[in-house]
2 protein chains.
Amino acid sequence: MAMEGPSNAFPMNGGEGPHSYSRNSSGQRIFIDRARKLIQEAVAEHLDMEAFSSSGAFLVADLGCSVGPNTFYAVSNVLQAVEQKCQSLGLDSQILEFQVFFNDHVGNDFNILFRSLPQDRRYHAAGVPGSFYGRLFPKNCLHFVYSSFALHWLSGAPKEVQDKSSPAWNKGRIFYTNANKEVIKAYAAQFAKDMEVFLCARAQEVVRGGLMVLTFLTRLDGAPHSQVFANRSLDLLESCLADMVNKGTISEERLDEFNLPMYYASPQEMKEAVERNGRFSIKKMVELVEGLAEAYPLTGKMIASPWRAALEGLLKEKMQFGEEMLDELFDSFARKHDESSIFEFVRESSITFVLLERSTTN
Amino acid sequence: MAMEGPSNAFPMNGGEGPHSYSRNSSGQRIFIDRARKLIQEAVAEHLDMEAFSSSGAFLVADLGCSVGPNTFYAVSNVLQAVEQKCQSLGLDSQILEFQVFFNDHVGNDFNILFRSLPQDRRYHAAGVPGSFYGRLFPKNCLHFVYSSFALHWLSGAPKEVQDKSSPAWNKGRIFYTNANKEVIKAYAAQFAKDMEVFLCARAQEVVRGGLMVLTFLTRLDGAPHSQVFANRSLDLLESCLADMVNKGTISEERLDEFNLPMYYASPQEMKEAVERNGRFSIKKMVELVEGLAEAYPLTGKMIASPWRAALEGLLKEKMQFGEEMLDELFDSFARKHDESSIFEFVRESSITFVLLERSTTN
């Protein structure tokens, strides 16, 4: 139950301004809509409502909820699906009480989240601060866990890539896209380690037979990292930062010390992590590839803005960036997108929907 | 589960500045220390730990927690008492997991509360926004409810005292201290009504045999309102506001419309409310009168500052007060205390500690 250190606590940008996460999450909405149908199916086919309804309360956690309209929309999808399931079984869904835990890093703007809770919600709301790479709830209490667009964030960048004496030292780079094999290995290992911590914590918190729906950005099985859209995009960010080093705006050392705490795993890597952990069974795993091209924003500015919302906190803390430097960085980031051939790489990115069920046997 | 309206959502002053609640709650600390011993006794004598420990998790709610050092101190007292009880019964308290729900109005500064959570806490923390005059949690989930210095806040000032056509119209006044009988009756009725709503909600949320510890400011049984310290103090606030009307700083109408949502009940009124509700039994009811004189701050400034922390939000919203007007008001409020004979009335105030147990039969 130890608190997260500052190194891995970078929530999405708060507030409601132009660079806030809440104003820059419309692209994700499309996939939440797609996930909606999958959640309905998951609940209809796999949720043991008769076992759970006897407790009188149905507890849902949204892990890495951030703040924005998507937060409440996603939760209402889950609750609707559960209510429909109750009705189809002839259970009185009015008797069932819902409690929804909104979780994110301690630096997330919970004040805004609480103020924007829907007035007509039919659930008891609670906020839970802390990293989901650790325990957050008592044992055996959650019936449904939901996490959307959060698990490609690692608990932190791998230590080795910041260690000058390591073969995985990632000098001059901020990510693994075009890095050497050791760096890629370190990132993949960090993902595997983080997923094990995540699954161990959830295995304790989720009741036997409880469900977990995870959607996150992935790369297609077998696709090289350098062909994935997000990786290519972050490559451009790297080159913008290198420009700033050349201009003397930031020091070379600072760039060397900075590495993004993200990893776009393949569905296969996710599958292996779940199987290694052994406490959940995969009930469904679907690629939401279709339409990715239409869903993705198509101008540099439309890409730069959500990245800024996601990375501003990190850049402020780790790189001591002020507003002016952020403007400079993300303006040139947007420009480089428009000047590049990046939009050709959309097809190698993917979003994976995984439905896990907490095993009843171990 | 409807959200509270803006009319009754006035949390203590946030932040960490000189007028913040967190810097102005040392007087309360003395009583939390006194309550500590009483909580230990309550848990030792009345908590059915054997029944609760089987569930594996012990759920505590702090209702009206506000933000400040007292918040976490009070909770740690409760948890220590429960751990001691476990040890005395030979139960392994390490197996037991705690979840603590910090509740306050949606406008409370939960961001600061979350950031200041003790690093070494041995409980899972959650924030629950909303008025405790309504449901906040699922049925039958809480084992221990704690509320300190919160229940003398009403859900709102009684409607009648703001109604020109009512005999209880409280013209020219902001409180009931020197008001006519109808006004006092309206305030007493509001307290009774609010307590019924509070107890009904908690009766659903607290497990059978669960405990509830409430400490709140009261007046001694039989003491006239006009002799109670807090009432006398607010009388001076009223006269400061009247001065501002005379000077033309605020309009007469605005003063007429403003009434404080507080009531200092007698222990007898509390007892009647619990008995009327019928779902809890009173296991202990103690007056913490001794030492009230030493505990209370003894200069006008020391009194004005915590009142400012408590009332600033209300005055900003209801009276459109800015910082300058607040400075003027609370400077003159402090001065009037020093010039008055108010410190003689300390003895008629009290703090009541009530231990309630959720009945197992109804």
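Helix α6 of chain B covers residues 229–247, 19 residues in total. From first C-alpha to last, α6(B) reaches 27 Å, close to the 27 Å expected at 1.5 Å a residue; the expected span is 1.5 Å times one less than the number of residues. Helices here are DSSP runs of H or I with at least four residues, and strands are runs of E with at least two, numbered from the N terminus. After α6(B) comes B:Gly248, with a positive phi near 85 degrees.

This is a predicted model, in which local features need pLDDT of at least 70 and side-chain atom pairs count only at pLDDT 80 or more, while totals for chains, interfaces and linings use all residues. Residues are numbered from 1 along each chain as its sequence is written, chains are lettered from A in the order in which they are written, and side-chain values use heavy atoms, without hydrogens and water.

I turn now to the interface. In contact, meaning heavy atoms within 4.5 Å, are 33 residues of chain A and 33 residues of chain B. The area buried between the two chains is about 2,900 Å², with carbon and sulfur atoms giving 56%; this is the accessible area (1.4 Å probe) lost on putting the two parts together, summed over both.

Four salt bridges are counted between chain A and chain B, each a side-chain nitrogen of Lys or Arg within 4 Å of a carboxyl oxygen of Asp or Glu. One of them joins B:Arg135 to A:Glu97, with the closest N and O atoms 2.7 Å apart.

On the side of chain A that touches chain B, β2 (97–104), α4 (110–115) and β3 (124–129) each supply at least two residues. β3(A) gives the most, with six residues.
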